[in-house]
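Reader: Could you walk me through this model, one question at a time?

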Amino acid sequence: MDRHRKTVHLTVNGVEYEREVEVRKTLADFLRYDLGLRGTHLGCEHGVCGACTVMFNDSSARSCILYAVQADGADILTVEGLTSPEGPLHPIQEAFRKHHGLQCGFCTPGFLMPALELLVEKHGPTEKEIRNAISGNLCRCTGYAGIVEAIREADAMWERP
Ligand code: FES
Ligand code: FES
């Protein structure tokens, strides 16, 4: 057996996968190149910018500093899993669009995840709590005001399942 490869079982966006991966492969690269889920973006690739953030067992996590083998048995959500391709945007996405919470959009998939995490945990977060939730994500374009406003409105309009 090749000790540099390992079989992982995981669920991504509700789909179960069993894949053999190199043990050095990051979760971000696994999602992007093995599963073709390019919505998870790579910016800094060392845990600073938050562009690669996904939900990992219901907590936001930076996929560029996790190995794919660490996700064995995990339940992962990426931006592709927020809503179906045919369906309406997720309320958080809709609010980002309405409030200009994105310009180039590169950072956006990463911002959606801590926003989701916050709004699942808490109704009516304060501005400070919103800013704290997204404090690990960098955006070069928006100045953040639209992002904060979008998360505030998403909280009001999202009927949680
Ligand atoms: S690409 Fe992962 S934190 Fe920047
Ligand atoms: S919208 Fe361009 S980096 Fe955030």
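Reader: Happy to start; what should I know about the model and its numbering?

Author: This is a predicted model, in which local features need pLDDT of at least 70 and side-chain atom pairs count only at pLDDT 80 or more, while totals for chains, interfaces and linings use all residues. Residues are numbered from 1 along each chain as its sequence is written, chains are lettered from A and ligands numbered from 1 in the order in which they are written, and side-chain values use heavy atoms, with hydrogens and water left out.

Reader: Which backbone oxygen lies 2.7 Å from a polar atom of the side chain of Ser-63?

Author: Ser-63 sits in the loop between strand 4 (59-62) and strand 5 (75-77); helices (H or I, at least four residues) and strands (E, at least two) are DSSP runs, numbered from the N terminus. With a relative accessible area of 0%, Ser-63 is buried (buried is under 20%, exposed over 50%, partly exposed in between, with a 1.4 Å probe and protein chains only). The oxygen at 2.7 Å from its side chain is the backbone oxygen of Cys-52.

Reader: Which residues does Ala-28 touch, leaving out those up to four places away in sequence?

Author: Ala-28 belongs to helix 1 (residues 27-34) and is buried, at 0% relative accessible area. Counting contact as heavy atoms within 4.5 Å, Ala-28 touches Leu-42, Ser-63 and Cys-64.

Reader: How many disulfides does a search of the whole structure find?

Author: A disulfide is a covalent bond between the sulfur atoms of two cysteines, and here the cut-off for such a pair of sulfur atoms is 2.5 Å. Among the cysteines, Cys-52 is buried at 4% relative accessible area, whereas Cys-104 is partly exposed at 48%. The number of disulfides found in the whole structure is zero.

Reader: Why is helix 3 described as largely enclosed by the rest of the structure?

Author: Helix 3 (108-121) has end C-alpha atoms 20 Å apart, in agreement with the 20 Å that its 14 residues should span at 1.5 Å a residue; the expected span is 1.5 Å times one less than the number of residues. Its buried residues, including Phe-111, Leu-112 and Leu-116, pack against strand 3, strand 4, strand 5, helix 2, helix 4 and helix 5. Helix 3 is called largely enclosed because the buried residues number 12 of the 14.

Reader: Which helices do the buried residues of helix 5 pack against?

Author: Helix 5 (residues 145-157) has 13 residues and reaches 18 Å from first to last C-alpha, close to the expected 18 Å. Its buried residues are Gly-146, Ile-147, Val-148, Ala-150, Ile-151, Ala-154 and Asp-155. They pack against helix 2 (91-98), helix 3 (108-121) and helix 4 (127-133).

Reader: Which element gives the largest share of the lining of the largest pocket?

Author: A pocket is an open set of points on a 1 Å grid over the protein atoms alone, where a 1.4 Å probe fits, with protein on both sides within 12 Å along at least five of seven lines; lining residues have an atom within 4 Å of a point. The largest pocket has a volume of about 180 Å³, the volume being the space filled by probe spheres set on points joined across faces, edges and corners. Its lining includes Asn-57, Asp-75 and Glu-117. The largest share, four residues, comes from helix 3.

Reader: Which backbone nitrogen does the side chain of His-90 reach?

Author: His-90 is in the loop between strand 5 and helix 2 and is buried, at 9% relative accessibility. Beyond its neighbours within four places in sequence, His-90 is in contact with Leu-82, Thr-83, Leu-116 and Trp-158. At 3.0 Å, its side chain reaches the backbone nitrogen of Ile-92.

Technical notes:
A polar contact is a pair of N or O atoms within 3.5 Å; within protein, one must be able to donate a hydrogen and the other to accept it, and residues adjacent in sequence count only if both atoms are side-chain atoms.
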